[in-house]
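Okay, thanks everyone, let's get going.

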Amino acid sequence: MASAPTPPPLLPVTNPAPGSSPATTGGSDAPIATPAFRLFLSRLSDSARRSLSDRRPWGELLDRSAFSKPDSVSDATSRLRRNLAYFRVNYAAVVAFALGASLLAHPFSLLILLGLLAAWCFLYLFRASDQPVVLFGRTFSDRETLLGLVGASFVLLFFTSVASLIISGLLVGGALVAAHGAFRVPEDLFLDEPNAATGNSAAQGLLSFLGAPGSGV
């Protein structure tokens, strides 16, 4: 009587742990992709923190004993140049404060500007390339989306009070900086070469978030 054939050996089967995906059970964990908007905000906060670390004490900026009338236009220009190199971060904060106050005084224009920035961020800058814009059942290409955003920006900025508020805020901030830089005597300011080199790259450091990977800029 012939014996029954021997059954093939059973391969061990490992049940994946609850909550794990098949890609993670192969031995290598797939990296978690950081959303572009979150990466952009992280780079922006890091750049702002590095730039603000170079600010000068506000008491030094507002020292009344260091103010005097310049002797000539060339003297005022020389003072302004040195003060700009020394108080660059403080001056940037003054201009930003003037711009913010100008916009906060007109909430409707501020809402328009925030909506325009949100449209640029979520419809163009941080939108995945494989996800087209679909509005009212119509799919728009990247070029059409860009042209639409540029046109909307032009209409909202120049046919409303947003552009005038931005320009007026920048002009007020620039006037305050120019007046302070021309009337403050920079004789007590010591700006050595390493600090000057750091100051030349301060603006680049503040804007370094524009080249962040995945930001779409």
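This is a predicted model: local features need pLDDT of at least 70, side-chain atom pairs count only at pLDDT 80 or more; totals for chains, interfaces and linings use all residues.

Residues are numbered from 1 along each chain as its sequence is written, and side-chain values use heavy atoms, with hydrogens and water left out.

So, the overview. The protein chain has nine helices and two strands, and the order along the sequence is α-α-α-α-α-β-β-α-α-α-α. Of its 217 residues, 23% count as buried, meaning under 20% relative accessible area with a 1.4 Å probe, protein chains only (exposed is over 50%, partly exposed in between).

Let's start with N83, which sits in helix 3, residues 73–86. Is N83 buried or exposed? Its relative accessibility is 0%, so N83 counts as buried. Contact here means heavy atoms within 4.5 Å. Leaving aside neighbours within four places in sequence, N83 is in contact with R88, Y91, H180, G181, R184, P186 and L189.

Pick up Y91 from that list. Not counting residues up to four places away in sequence, Y91 touches L61, N83, L84, V177, H180 and G181. Y91 also belongs to the largest nonpolar core, six residues in all, with L61, Y86, F87, V177 and L189. By core I mean a set of buried Ala, Val, Leu, Ile, Met, Phe, Trp, Tyr and Cys residues joined through side-chain atoms within 4.5 Å. There's a second, separate core of five residues, including L103, I112, L113 and L165.

That takes us to helix 5, residues 107–125, and helix 7, residues 162–183: they pack at about 100°, axes 9 Å apart. Axes are lines fitted to C-alpha atoms, for helices over the stretch in contact, and angles run from 0 to 180 degrees between N-to-C directions. That angle makes helix 5 roughly perpendicular to helix 7, since 65 to 115 degrees gets that label, under 35 is roughly parallel, over 145 roughly antiparallel and the rest oblique. On the helix 5 side we have S109, I112 and L113, meeting V162, L165 and I166 of helix 7.

Last one: helix 6, residues 142–158. The axes of helix 5 and helix 6 come within 11 Å and cross at roughly 170°, so these two are roughly antiparallel to each other. Among the residues making this contact are W120 of helix 5 and L149 of helix 6.

Methods
Helices (H or I, at least four residues) and strands (E, at least two) are DSSP runs, numbered from the N terminus.
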